[in-house]
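Trainee: Could you take me on a close look at one part of this model? I'd like to see how the pieces there meet.

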Amino acid sequence: MAEIKADTTAHQKQLPVTVLESEISEQKPQKPKRVASLDVFRGLTVALMILVDDAGGEWPMIGHAPWNGCNLADFVMPFFLFIVGMAIALSLKRIPNRLLALKKVLLRTLKLLFWGLLLQGGYSHAPDKLTYGVDMKKIRWCGILQRIALAYLVVALVEIFSRGAQAKDLASNWFSVFKLYFWHWLMGASVLVIYLSAIYGTYVPDWHFTVQSNNGTVQLTVACGMRRKLDPPCNAVGYVDRKVLGLNHMYPHPAWKRAKACTENSPYEGPFRNGAPSWCYAPFEPEGILSSISAILSTIIGVHFGHVLVHFKGHPARLKHWVTMGFALLISGIILHFTHAIPLNKQLYTLSYVCVTSGAAALVFSALYIMVDILGLRYLFLPLEWIGMNAMLVYVMAAEGIFAGFINGWYYDDPHNTLVYWIQKHIFVKVWHSKRVGILLYVIFAEILFWGIISGILHLLGIYWKL
C-alpha cells in the first residue's frame with residue numbers, strides 16, 4: 001500500500017513514481033539537492049491532466065485528438081513518462097546496493113499496478129456515480145499507472161544492471177553520454193524494432209463484436225484482412241489487445257468516437273451519424289500492450305536527460321545538449337508526420353508521436369530549468385512545485401475525482417444537488433453566463449489552484465504521499 005506520512009526533510013514527492021532527485025558527483029556523494037524545475041514540470045503535467053480531463057468536454061481542442069493529430073491532452077502521458085525517466089536516473093544513483101535497488105523497483109511497480117487497477121480498472125466510479133465495485137468479467141486491465149509501471153520497471157532494470165558501466169569517468173565530448181549508457185539505447189532500439197515489426201507485420205483479420213440496442217444484442221462485423229494499416233478499425237495495436245485482453249476488458253469510450261466518420265458533432269461528443277462505420281461502436285484500449293511497449297521509448301529518452309543532469313555540471317553544457325536533442329526529436333517527428341511516413345497518433349503511440357512529445361518535453365523542461373534553477377524565479381511556480389512534490393495525492397484526489405466523489409456523497413434531496421455542482425453553477429457558470437468559460441475557470445481555480453494550495457500546506461507540514 002502507498003502510505004501518507006510526515007517527512008522532516010520536506011522534499012520527497014512526485015508523480016506516480018516517487019523518488020528523490022539529486023545532483024550527484026562522479027567522484028563522491030554530495031548532499032542531495034532538489035531539482036526544483038523537475039518538481040515544477042511534474043506539477044505542470046498533473047495540472048494539465050486535470051485541465052484536459054475536466055474541461056476537455058467543453059473545449060475539445062484541448063482534449064485527445066480523435067485519431068491522428070496531437071492536441072494538448074496528448075502531451076500528458078509522454079510528459080509523465082519523460083519525468084519518470086529523469087527520476088530513475090537521479091534516484092537509483094543514490095542506492096549503492098543493487099539488490100536493494102531491485103527490491104525498491106519491484107515494490108514500487110507492484111504499488112503502481114495496484115493503484116492503477118483500483119482507480120482505472122472500473123472499481124471506482126467517482127466523481128459522478130456514488131457507487132463502487134467492478135464486474136471482474138469487465139475489469140479494465142490497462143491504464144495510465146499500469147503503463148507507467150511497465151515503462152518504469154523496464155528502464156529501471158536496465159539502469160540497475162548496467163550500473164558497472166555508469167561508474168566510469170565520462171569523457172568531455174558531446175556523444176560520450178550516449179556511449180556510456182549504451183545498454184539503454186540498445187534497449188530502445190530493441191523496443192522500436194519489436195513495435196514497428198508488430199504494427200506493420202501483423203495480419204489483422206475481420207473481427208466481430210456485439211453491442212446493446214433497443215432491439216437487444218446486435219453483432220457487428222469489421223472487415224479488415226490486411227497488414228500495415230494504421231486506421232482505427234484495422235491496426236495491429238487494437239488487434240493484439242482484442243486477442244490478449246479481450247473486448248470486455250478494453251476502454252469502452254475511446255477518443256475515436258468523436259471522429260468525423262462517427263459523429264456529426266465532431267470534435268465534440270454526440271450521437272453517431274446514420275450509417276456510421278461499425279468500428280465506431282467498438283471499444284479500444286489507448287493504453288494497450290503494443291502502444292505501452294512503444295511508450296518505453298519516452299522513458300528511455302527521459303532517463304537520458306537525467307544522465308545529462310548527473311554528468312554535465314555546467315548549466316550551458318546541460319542546456320546545449322537538452323535543447324539540441326529536443327529540437328532534433330521535435331523536427332524528426334514533424335517530418336515523419338507531414339511526409340505521411342508515420343502519422344502522429346497517441347492511441348497507437350507511433351514513432352512520430354514519441355519524437356514530437358519527447359522533444360516538446362525536453363524543451364519545456366529546459367525552459368523551466370532556466371527560469372527556476374538558473375534565474376531563480378521559483379516563486380512564480382510555487383503552486384506547481386507543491387503539486388509536483390505531492391503529485392500522487394493530487395493525481396488520485398483531483399485527476400481521478402476521488403475528492404469530488406467524496407464531496408458529491410453529501411447531497412441534499414437529489415444526488416445532483418451537491419456542493420460541487422452548486423459551486424460550478426452559481427460561482428462560475430452563472431457569473432460568466434457561459435458554461436464553457438465557467439467550467440474552464442472552475443477547473444483552473446477550484447481544482448488546480450485549490451490543490452496547489454493544499455499541497456503547499458502539506459509541504460509545510462512535511463507530509464507527502466509516497467509509493
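Mentor: Happy to! A residue counts as buried under 20% relative accessible area, exposed over 50% and partly exposed in between, using a 1.4 Å probe and protein chains only. This is a predicted model, in which local features need pLDDT of at least 70 and side-chain atom pairs pLDDT 80 or more, while totals for chains, interfaces and linings use all residues. Residues are numbered from 1 along each chain as its sequence is written, and side-chain values use heavy atoms, leaving out hydrogens and water.

Let's take helix α16, residues 435-461; helices here are DSSP runs of H or I with at least four residues, numbered from the N terminus. One partner is α12 (residues 382-389), whose axis comes within 8 Å of the α16 axis and crosses at roughly 65 degrees. Axes are lines fitted to C-alpha atoms over the stretch in contact, with angles from 0 to 180 degrees between N-to-C directions. The two helices are therefore roughly perpendicular, a label for 65 to 115 degrees. Pro383, Trp386, Ile387 and Met389 of α12 touch Ile448, Trp451, Gly452, Ser455, Gly456 and His459 of α16, where contact means heavy atoms within 4.5 Å. That set comprises six nonpolar, four polar and no charged residues; Gly counts as polar, and Asp, Glu, Lys and Arg as charged.

Another partner is α1 (residues 36-55), with axes within 10 Å and a crossing of roughly 145 degrees. Here Ala47, Ile50, Leu51, Asp54 and Ala55 of α1 meet Ile439, Leu440, Val443, Ile444, Glu447 and Ile448 of α16. This contact holds nine nonpolar, no polar and two charged residues.

Glutamate 58 sits in the loop between α1 and α2 (76-91), so the pair ties together parts that are 377 residues apart in sequence. Lysine 435 itself is exposed, at 52% relative accessible area.

For contrast, look at arginine 378 and glutamate 385, whose closest N and O atoms are 2.5 Å apart in their salt bridge. Arginine 378 is partly exposed at 35%, whereas glutamate 385 is buried at 2%. By this rule the count comes to eight salt bridges.

Terms used: Parallel < 35°, antiparallel > 145°, perpendicular 65-115°, else oblique. Salt bridge = Lys/Arg side-chain N within 4 Å of Asp/Glu carboxyl O.
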